[in-house]
Amino acid sequence: MLNTLNVVRLLPELILLVTALVVIFVDLYARRRTALWLLPGVSIAGLVLAFVAAFAQWGAQEVVAGTLAADSFAFYFKLVAAVTVVLVILASVRYMRERTRFLGEFYAFLLVATLAVFVAVSATDLITVYLGLETLSIVSYVLTGFLRDDKRSNEAAIKYFLYGAVASAIMLYGFSLLYGLTGTTDLAEIARRLQAGDVLANLEWVAWPAVILAAVGFAFKASLVPFHQWAPDAYEGAPTPVTMFLSTVSKATGFAVMARVFLTAMPSLGEYWMALLYGLAILTMTVGNLIALRQTSVKRMLAYSSIAHAGFILMGLVAVTAPAGGHPFNGLDGVLMYVVAYAFTNAGAFAVVAAVEDGTGDATLDNFAGLIARAPFLAAAMLIFLLSLAGVPPLAGFAAKLFVFAPVVRQEYYALAVVALVNAVVAAGYYLKVVKQMFFVEVPERPAFAVARGMRWALWLMIIGVFGVGIFMNWFAFMSVRSAAGMLGL
Amino acid sequence: MVPLSWYLAVAAVLFVLGLFGVLSRRNAVAILMGVELMLNAVNINLLAFWRYTQPENVAGLVFAVIVLTVAAAEAAVGLALFIALYRLRESVNVDEIQLLKG
């Protein structure tokens with residue numbers, strides 16, 4: 001339906017694309033000293049413009065070119081992604097400068113990854129869903145292995161790539177079955193035909209395998225157990241700013257796509273995928289937390305913790321009430337709350353890890369000892385992020401947990417709620433281990449170190465974000481309820 | 001004419017063969033070849049469904065072309081990573097890359 005093409009709706013995507021190209025040209029022509037501040041500057045300007053372009057269209061409800069939804073659900077994720085990538089860029093200025101010469105490519109890839117996120121979260125067609133997710137994956141492989149002379153970075157990228165390629169092939173097989181079954185790739189049309197039983201004769205039984213196969217692809221992106229094995233390695237080996245990106249934006253995209261595909265294309269198969277996600281949620285949070293308990297590297301511990309958090313986010317999707325209307329505690333708004341709270345909190349925790357790596361060379365638990373004496377600001381920031389991860393009010397993590405627990409309890413999934421509660425307590429255990437290390441273990445002979453300026457700004461912004469989401473919970477809840485209800489085709 | 005189910009059966013066999021290759025091979029390039037087999041199975045599926053159920057609507061055809069294109073991009077990035085791996089370690093055996101674990 002090309003006659004419905006409204007270019008204004010694609011403005012955020014176009015801005016990102018142009019900015020990525022500009023960044024590459026700046027890198028070609030600017031002198032090294034100028035490039036050092038100009039590259040991140042241009043990238044951030046592009047992201048801010050894209051943010052404004054997306055924010056200005058808030059409230060639009062239409063499908064562009066028959067394949068991309070311009071609805072408030074998509075805009076919500078776009079805004080979160082744009083803000084988070086700005087923070088990632090601020091945090092990576094010094095980190096990447098000291099590790100690679102190819103700065104232009106790095107920022108351009110980050111922008112293209114954001115573009116892929118924008119496409120994926122608004123895709124309303126199996127083809128665009130695949131295109132968005134796959135573009136994001138391919139760019140993420142490159143970003144993960146960006147330090148190509150570093151064995152760990154390369155190993156992380158190889159593992160991520162091999163898992164990712166297989167997961168996307170499996171997901172595609174599911175998509176092909178879904179296409180064959182219904183004869184269309186449009187999500188809303190698939191839902192209509194499944195509902196009406198207007199499917200290929202003698203092939204009705206492939207619906208269930210198709211759901212499982214498609215879920216594998218989404219579960220891989222969102223790093224749900226048992227498709228999580230790549231995550232700890234990729235998160236640990238990747239340059240830490242890239243880890244910030246993977247663990248927040250990339251993961252959120254997995255959830256956004258999962259929510260849109262399951263809710264708009266397969267509402268009639270709800271009992272299948274809800275049961276599947278119920279099991280995955282319990283498995284994910286438990287396995288993630290148990291393995292996190294025995295980690296000695298803070299970076300790797302946070303990697304497992306972010307797997308566990310994926311389980312919490314999934315709780316919201318399990319408890320989606322049909323129809324996910326415009327009232328609070330509908331499950332989907334919990335997913336949205338969690339995503340924004342988690343973006344600030346987890347990106348913040350990984351940013352502190354990046355700063356400690358910069359100052360001390362490594363992110364082992366041992367290197368966090370006595371951090372309060374050596375870099376008080378970092379220690380204080382880390383304390384805030386860890387408390388938020390543990391879900392302490394009035395921080396963002398508490399608001400997020402509230403909005404995923406409430407719908408689960410309301411749907412009377414008590415088993416899930418109890419497992420999640422136990423997991424939240426277990427998680428607090430290993431977060432406090434880091435706090436103890438930072439504040440109560442004294443190591444007199446270690447020198448103090450400074451924090452880079454961009455990193456300090458990023459940390460301040462994230463601290464403000466963590467308090468903001470927690471304190472102005474009502475406003476964020478209002479936005480997420482609106483966005484959840486605004487998903488087209490619900 | 002060959003019935004649709006035969007194509008689907010071939011695709012399913014190809015998919016499982018590819019998956020077996022992925023799980024059993026130790027050489028990164030061979031694993032990538034397994035993935036390509038899986039993607040080919042997907043394309044056979046898509047084209048068979050397209051041809052037999054609705055040749056007048058190009059969605060299936062377009063999907064197959066896009067899968068081909070993206071698979072090429074993916075292979076390019078993958079092989080580049082393997083070359084970097086080989087330069088670092090003189091081997092592309094996935095059993096030997098185990099710096100990151102725990």
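# Notes on a two-chain predicted model

1. Let's start at a contact between chains. B:Arg89 counts as buried, with a relative accessibility of 19% (buried is under 20% relative accessible area, exposed is over 50%, and partly exposed is in between, using a 1.4 Å probe and protein chains only). B:Arg89 makes a salt bridge with A:Glu155, with the closest N and O atoms 3.2 Å apart; the term covers a side-chain nitrogen of Lys or Arg within 4 Å of a carboxyl oxygen of Asp or Glu. This pair crosses between chains, running from helix α3 (residues 59-89) of chain B to helix α6 of chain A. Helices here are DSSP runs of H or I with at least four residues, strands are E runs of at least two, and both are numbered from the N terminus. A:Glu155 is buried too, at 0% relative accessibility.

2. Some housekeeping before going on. This is a predicted model, in which local features need pLDDT of at least 70 and side-chain atom pairs count only at pLDDT 80 or more, while totals for chains, interfaces and linings use all residues. Residues are numbered from 1 along each chain as its sequence is written, chains are lettered from A and ligands numbered from 1 in the order in which they are written, and side-chain values use heavy atoms, leaving out hydrogens and water.

3. How many salt bridges are there over all chains? A search of the whole structure turns up 17. One of them joins A:Arg9 to A:Glu62, with 2.9 Å between the closest N and O atoms. A:Arg9 sits in the segment before α1 of chain A and A:Glu62 in strand β1 (residues 62-64), so this pair ties together parts that are 53 residues apart in sequence. A:Arg9 is buried, with a relative accessible area of 16%, whereas A:Glu62 is partly exposed at 23%.

4. Further along chain A, A:Asp366 and A:Arg446 also meet in a salt bridge (3.2 Å, N to O). A:Asp366 belongs to the loop between α13 (332-360) and α14 (371-374), and A:Arg446 to the loop between α17 (414-440) and α18 (453-471), so the bridge links parts 80 residues apart in sequence. A:Asp366 is partly exposed, with a relative accessible area of 46%, and A:Arg446 is partly exposed as well, at 23%. Elsewhere, salt bridges with shared partners join A:Arg152, A:Glu155, A:Lys159, A:Asp233, A:Glu236, A:Arg300 and B:Arg89 into one network.

5. Have a look at A:Ser153 in helix α6 (residues 151-182) of chain A. Is A:Ser153 buried or exposed? With a relative accessibility of 0%, A:Ser153 counts as buried. A polar atom of its side chain lies 3.4 Å from the backbone nitrogen of A:Leu147. Not counting residues up to four places away in sequence, A:Ser153 touches A:Thr144, A:Gly145, A:Phe146, A:Leu147, A:Gly237 and A:Pro239 (contact means heavy atoms within 4.5 Å).

6. A:Thr185 is worth a click as well: this residue is in the loop between α6 and α7 (187-196) of chain A, and counts as buried at 5% relative accessibility. Leaving aside neighbours within four places in sequence, A:Thr185 is in contact with residues of chain A, including A:Asp125 and A:Tyr179, and with B:Ala59 and B:Phe63. The side chains of A:Thr185 and A:Asp125 make a polar contact (3.1 Å); that is a pair of N or O atoms within 3.5 Å, where within protein one must be able to donate a hydrogen and the other to accept it, and residues adjacent in sequence count only if both atoms are side-chain atoms. The C-alpha atoms of A:Thr185 and A:Leu276, 91 residues apart along the chain, are 23 Å apart.

7. Now for chain B as a whole. The chain has 3 helices and 0 strands. With a radius of gyration of 17 Å, well over the 13 Å that the globule rule gives for 102 residues, chain B is more spread out than a compact globule (the radius is taken over C-alpha atoms, and the rule is 2.2 Å times the number of residues to the power 0.38). Its C-alpha atoms fill a box of roughly 50 × 25 × 25 Å along the principal axes. Of its 102 residues, 46% count as buried.
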